[in-house]
Amino acid sequence: MNDTQAIPQVRLTVRAPVSFRRLLASRFLRNRAGVAGLVIVSLFALLGVLAPVLRLDLPDAQDLEHVTEPPSREHWLGTDNLGRDLLSRVVHGARISLMIGVLATSVGLGIGATAGGLAGFHGGKIDETVMRVVEIFMAFPGLLLALLVVSILGPGLYSVMLAVGISTSPAFARVMRASILQVKSEEFVEAAQAIGAPGLTILRRHILPNAMGPIIVHGSLLLGASIVTASSLSFLGLGPKPPTPEWGVMLNEARNYLYIAPHTTIFPGLAILLAALGFNMAGDALRDALDVRLKMD
Amino acid sequence: MRRVIGIVPVLIGVTIVVFLSVRLVPGDPAVAIAGIAGTEEDLARIRHRLGLDRPVYLQYAIWLANVVRGDLGRSVVNDYPVLPQLVSRGQMTLKLSLMAMLITAVVGVSLGIVAAYRSHTFWDYLAMAFAMTGISMPVFWIGLLLMYAFAVRLGWLPVAGAGTPAHLVLPGLTLALYSTALVSRMTRASMLDVLSKEYVRTARAKGCSEPRVLIVHSFRSGLVPVITVFGLQFGYMLAGAVVTETVFAWPGLGRLLADAIFLRDFPIIQGGVLVIALSFVLVNLATDVIVAAADPRLRYE
Amino acid sequence: MAVRTVTIALAVILAIAGSSVQVGRGAPARDTLVVAAGVQFTTFDPLANAHPPAFSVEAAVMETLVARNVKGELVPVLAEDWRVSSDPRVWTFRLRRGVRFQDGTPFNAEAVKANLDRMRDKSLGQPKNSLWTFIEDVRVKSEYEVEVITEQPSGAILALLTDSSANIVSPAALKRFGTQIATNIVGTGPYVFQAPWAPGQDIVLVRNEQYWGPKPKVQRIVVKEIREALTRQALLERGEVDAVIDLPPEAVLRFQRDPNFVVRKDGGTRVAFLPFNHSRPPFNDLRVRKAIHHAIDVKAIIKGVLRDLSVPADNLVAPGVVGYTPDPDYHEYSPDKAKALLAEAGYPNGFTTQLVTPDGRYIKDKETMVAIAGQLKRVGIQADVVPLEWTTFLTQVRVKPDWGMYYWSWPGYTADAAYNAELLLWSENSSPKGFVPFYKNTEVDRLLSNARYITDQKVRTAMLERALKLARNDYAYVYLWRFFQITVLSKRVGGNLEVLADETILFKNVELR
């Protein structure tokens with residue numbers, strides 16, 4: 001009895017095995033830039049969702065008597081070239097630009113990841129053919145490919161999304177293929193194959209979850225890039241139809257006012273910059289978080 | 001060697017895709033030429049003159065046969081031969097791209113190295129903030145702002161056009177910004193990775209001077225992914241310069257192609273895309289060769 | 001070592017940048033006029049489809065038999081005089097003597113015949129050939145006399161001969177270059193076109209020292225293709241160009257306030273209008289068209305969007321064009337009247353339609369259409385603005401406009417309404433043959449087809465005026481505004497810059513200070 005009291009009590013803290021997700025989250029949250037990025041993105045997403053609900057002037061309400069007026073009490077960000085309230089347009093634009101980003105990236109991901117996945121998983125002849133096709137599309141000048149697609153489909157929101165998506169899919173294909181190839185050679189896959197598990201199961205339960213990492217990172221980085229690409233398309237004359245308050249379109253239409261009413265360009269430009277920045281920072285932090293995890297294996 | 005031969009089917013694939021997609025774009029080239037003048041018969045006659053009334057596969061076969069002989073056809077709007085146009089405009093784009101690559105290489109890599117060496121300090125954050133911004137801004141916006149600041153307001157550089165070396169600076173910077181940002185990030189990541197590797201620590205422990213550590217041991221493998229990105233960016237620049245060329249009135253290939261698409265000038269579009277695809281593929285090949293030379297472990301099998 | 005490489009490279013870049021400060025780059029040479037234009041130059045073949053900036057280059061290098069002066073009057077140029085015989089199908093032109101083409105070829109009746117034959121040669125398949133097929137034969141009467149025989153008496157021949165397609169090209173050059181004449185024009189004009197020229201390059205014009213008329217003061221003209229409006233503006237501000245021939249209204253505003261620049265507002269023959277598809281409801285109802293007319297506040301758009309660089313239009317053509325008559329009461333903005341008319345026509349709650357517009361072709365085309373859509377919404381008409389890229393627009397307008405409403409603008413070609421009216425009002429030229437959107441008024445048809453063959457200009461003018469008046473009452477189109485042609489010049493540019501009705505700019509009387 002006295003003996004036990006004399007022995008110093010050492011507390012052993014036994015941690016339960018931490019789930020992958022929680023590990024990822026904790027590493028992500030430690031990255032200040034990543035958190036900032038996430039905050040920005042959430043803010044924009046929130047704006048996008050709430051835009052119709054917020055009591056802002058209709059973004060389409062024209063007032064030809066008050067064009068390109070600087071910020072004032074009635075119009076916090078001023079008015080654009082048709083007298084429309086810039087604040088409401090920028091806010092509504094959040095929804096559209098995010099939509100473009102998400103849908104374009106989904107298209108790219110869908111096409112690219114499927115192709116890359118097929119190539120990586122099956123290997124052999126399928127791999128060669130698919131990668132040939134990917135090479136063809138990669139050799140195609142990116143912006144010109146988008147131009148052609150939009151020219152064929154006609155202007156509009158959906159053509160822009162499709163065009164940007166198609167032009168990003170080769171990159172996704174490559175990333176997916178490389179990722180799958182890497183995972184395929186890991187030991188636990190070999191182990192699963194040794195047990196005799198069917199191919200599809202291996203794919204679903206072992207390969208895909210582990211291969212998705214780089215894809216997700218790439219996707220988040222591409223989200224920011226899609227928003228920027230879409231605005232370049234507007235510059236070349238192929239963007240969504242008016243009066244869509246898409247940031248790229250707004251930046252474009254206002255660029256001739258750079259010297260006399262710069263606010264009409266600054267606010268949409270800033271919006272694009274911040275949104276892309278947010279996605280990029282978050283995506284970066286995500287990649288860092290994943291990388292560290294891989295390293296620890 | 002196998003790789004070199006492998007280029008051909010890719011190029012053929014590209015030309016087929018272009019050929020078809022360009023004919024899918026709504027809008028009649030004959031109308032583009034005729035404008036508001038011209039009757040229906042005139043349009044038919046123009047179409048016949050351009051060979052557009054023949055079946056598509058025949059048009060392709062004829063075109064391909066001519067290309068092999070070195071004849072890329074003539075522009076439909078002014079009968080000017082395609083090849084000389086591609087050459088002269090291509091040279092301009094090449095000049096611009098080289099300038100941009102120079103800036104990317106010098107500024108991007110240095111920035112990345114500095115950031116890696118001073119990682120997690122103020123300089124690192126500054127450099128990466130700059131990089132982040134660089135990949136988040138639309139190119140035309142950058143170009144117009146640079147033009148406003150340095151040409152209009154400060155008057156240090158010419159506004160637009162080509163002619164003197166000074167004319168290269170603003171468009172070069174504009175085109176280079178994205179790549180520079182990208183390369184600096186990659187360099188930093190890659191160098192960080194390498195610098196923490198064991199053989200570097202060994203070298204340091206052995207007492208090698210810092211520059212030696214940097215160049216002899218880290219550079220080679222550190223720069224491999226950077227070189228790959230480099231090559232990709234160069235390829236992108238050759239064709240992605242459309243926006244920069246428009247803003248700075250730089251008579252390059254990108255602008256020629258974009259215009260040709262709007263005018264439905266098929267021979268120029270077909271020839272131009274072929275040239276760009278060819279250069280892109282060649283650049284990739286060169287990149288792979290350089291990478292293999294730099295790090296024998298990464299030879300493409 | 002790496003640090004050294006970096007330093008060297010940076011030094012190189014700085015040297016390149018720095019070199020610009022020493023070289024006086026930017027300011028054009030003393031005797032060169034540099035002009036920036038925002039359109040794409042592809043061809044200078046008179047018979048090709050070209051647009052006004054190209055006409056300006058053609059007009060500097062080549063000349064026609066007769067031309068219009070700034071007031072719109074016919075003046076002799078390469079033809080000293082002309083007469084029509086008692087058989088109104090035969091025109092005789094007496095040509096100017098002592099004129100040579102810039103390549104040395106003498107200008108004479110043979111040269112004119114070679115050109116007129118080329119103009120009417122349909123087998124060439126050039127867009128403007130069909131303008132000239134009304135000529136049956138061309139005969140050389142003597143070295144300086146040419147006879148032109150038309151199939152039918154032609155009322156418009158003199159007006160047509162002022163068109164850019166009637167520019168006389170050196171026959172030797174035609175023979176030498178064939179189809180590539182487009183980039184190698186040679187004429188009799190005050191400036192020589194520096195060949196070789198490829199699209200995208202600067203166009204260089206050098207004074208013709210052997211010119212038959214008064215020699216121009218400016219020795220050299222360079223026309224630069226600068227597509228980005230902001231860039232043109234910047235170039236002008238920095239003095240790297242002397243003149244810009246098209247700028248968006250907001251840029252013009254800035255130069256208007258600056259005493260270092262002169263803003264020229266000329267012409268105003270480019271009329272913008274809204275065509276309707278007359279074959280389908282609701283646009284086949286006059287009341288609906290009238291309602292749309294009353295629903296649009298043209299003055300507000302001109303002020304707010306076009307920044308007063310246009311004026312309201314009240315006819316298919318502009319004042320100064322043969323066939324024009326004014327209508328001071330044309331524009332009446334009244335949403336109430338519009339709603340009443342719509343209700344009367346059976347659309348008390350309005351309707352939905354598309355408003356198709358070319359994209360980026362005309363000044364503020366998209367913006368003005370969005371503004372109009374906003375105004376239409378107030379009377380219940382939901383108009384979706386559909387911008388189409390130019391070639392697509394043109395193809396569809398011709399082939400099958402199943403749109404209800406669209407936007408278009410035409411300048412005063414040949415300063416004679418017959419040109420525009422025949423292509424826009426004559427039901428003969430309905431889609432898919434031409435552009436008439438299924439509008440049909442038999443009286444208008446009759447007037448237009450007869451006017452072609454009346455050589456008495458007074459009678460002909462009266463017929464054209466009446467035809468246009470009828471079309472206006474029919475609301476075949478709703479007329480919106482007329483664009484001024486804006487040229488912004490730096491203080492360096494003096495002398496007399498002339499702008500013609502078809503937007504051609506004449507540089508020959510310009511001086512540099």
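Start by selecting chain B: it has 13 helices and zero strands. Helices here are DSSP runs of H or I with at least four residues, strands are runs of E with at least two, and both are numbered from the N terminus. Walk along the sequence of chain B and the pattern reads α-α-α-α-α-α-α-α-α-α-α-α-α.

Before going on, some housekeeping: this is a predicted model, where local features need pLDDT of at least 70 and side-chain atom pairs count only at pLDDT 80 or more, while totals for chains, interfaces and linings use all residues. Residues are numbered from 1 along each chain as its sequence is written, chains are lettered from A and ligands numbered from 1 in the order in which they are written, and side-chain values use heavy atoms, with hydrogens and water left out.

**Still on chain B**

Of the 301 residues in chain B, 58% are buried; buried means under 20% relative accessible area, exposed over 50%, and partly exposed in between (1.4 Å probe, protein chains only). Among contacts in chain B with a separation of 6 or more, 74% are between residues 24 or more positions apart, a contact being heavy atoms within 4.5 Å.

**Over to chain C: T43**

Now select T43(C), in the loop between β1 (32-37) and α2 (52-61) of chain C. Is T43(C) buried or exposed? It counts as buried, at 5% relative accessibility. A polar atom of the T43(C) side chain lies 3.1 Å from the backbone nitrogen of D45(C). Show what surrounds T43(C): leaving aside neighbours within four places in sequence, its contacts include V77(B) and N78(B), along with A48(C) and A182(C).

**Strand β1**

Next, select β1(C), where six of six residues are buried. In a regular strand the side chains alternate between the two faces of the sheet. Here T32(C), V34(C) and A36(C) point one way, L33(C), V35(C) and A37(C) the other, and all are buried.

Which strands sit beside β1(C)? One is β10 (residues 220-225) of chain C, joined to β1(C) by six bridges and running parallel; look for T32(C) opposite R220(C). Another is β11(C), paired with β1(C) in the parallel sense over two bridges, with V35(C) opposite A243(C). Two strands count as paired if DSSP finds at least two bridges between them.

From there, hop to I245(C), in the loop between β11 (243-244) and α7 (249-256) of chain C. I245(C) is buried, with a relative accessible area of 12%. Beyond neighbours within four places in sequence, it touches residues including V35(C), A36(C) and A37(C).

**A hairpin and its other neighbour**

Select residues 90-95 of chain C, which is strand β5. Five of its six residues are buried, so it is largely enclosed by the rest of the structure. Strand β4 (residues 79-84) of chain C pairs with β5(C) in the antiparallel sense over five bridges, and the two form a hairpin with five residues between them. To find the pairing on screen, pick W82(C) and its bridge partner F93(C). Strand β7 (residues 145-150) of chain C also runs antiparallel to β5(C), joined by five bridges; here the bridge partner of T92(C) is E147(C).

Move to the three-stranded open sheet of chain C, with the order β15-β14-β16 and parallel pairing. β15 (382-388) and β16 (405-406) stand at the edges with a single partner strand each, so one side of each has no neighbour in the sheet. Two bridges join β14 (residues 352-358) of chain C to β16(C), where V356(C) stands opposite Y406(C).

**Last stop: the rings**

Y406(C) also belongs to a cluster linked by ring pairs, whose members include W390(C), Y407(C), W408(C) and W481(C). R361(C) lies over the face of W390(C), at 3.9 Å from the ring centre. A charge sits over a ring if NZ of Lys or CZ of Arg is within 6 Å of the ring centre and within 35 degrees of the ring normal.

How many aromatic pairs are there over all chains? A search of the whole structure finds 35. For one of them, select F255(C) and F261(C): the ring centres are 4.8 Å apart and the planes at 70°, so the pair is edge-to-face. Rings of Phe, Tyr and Trp (its six-membered ring) pair if their centres lie within 6.5 Å; planes under 30 degrees apart count as stacked, over 60 as edge-to-face and the rest as tilted. F255(C) is buried at 0% relative accessible area, and F261(C) is buried at 13%.

Methods: Polar contact = N/O pair within 3.5 Å; in protein donor to acceptor, adjacent residues only side chain to side chain.
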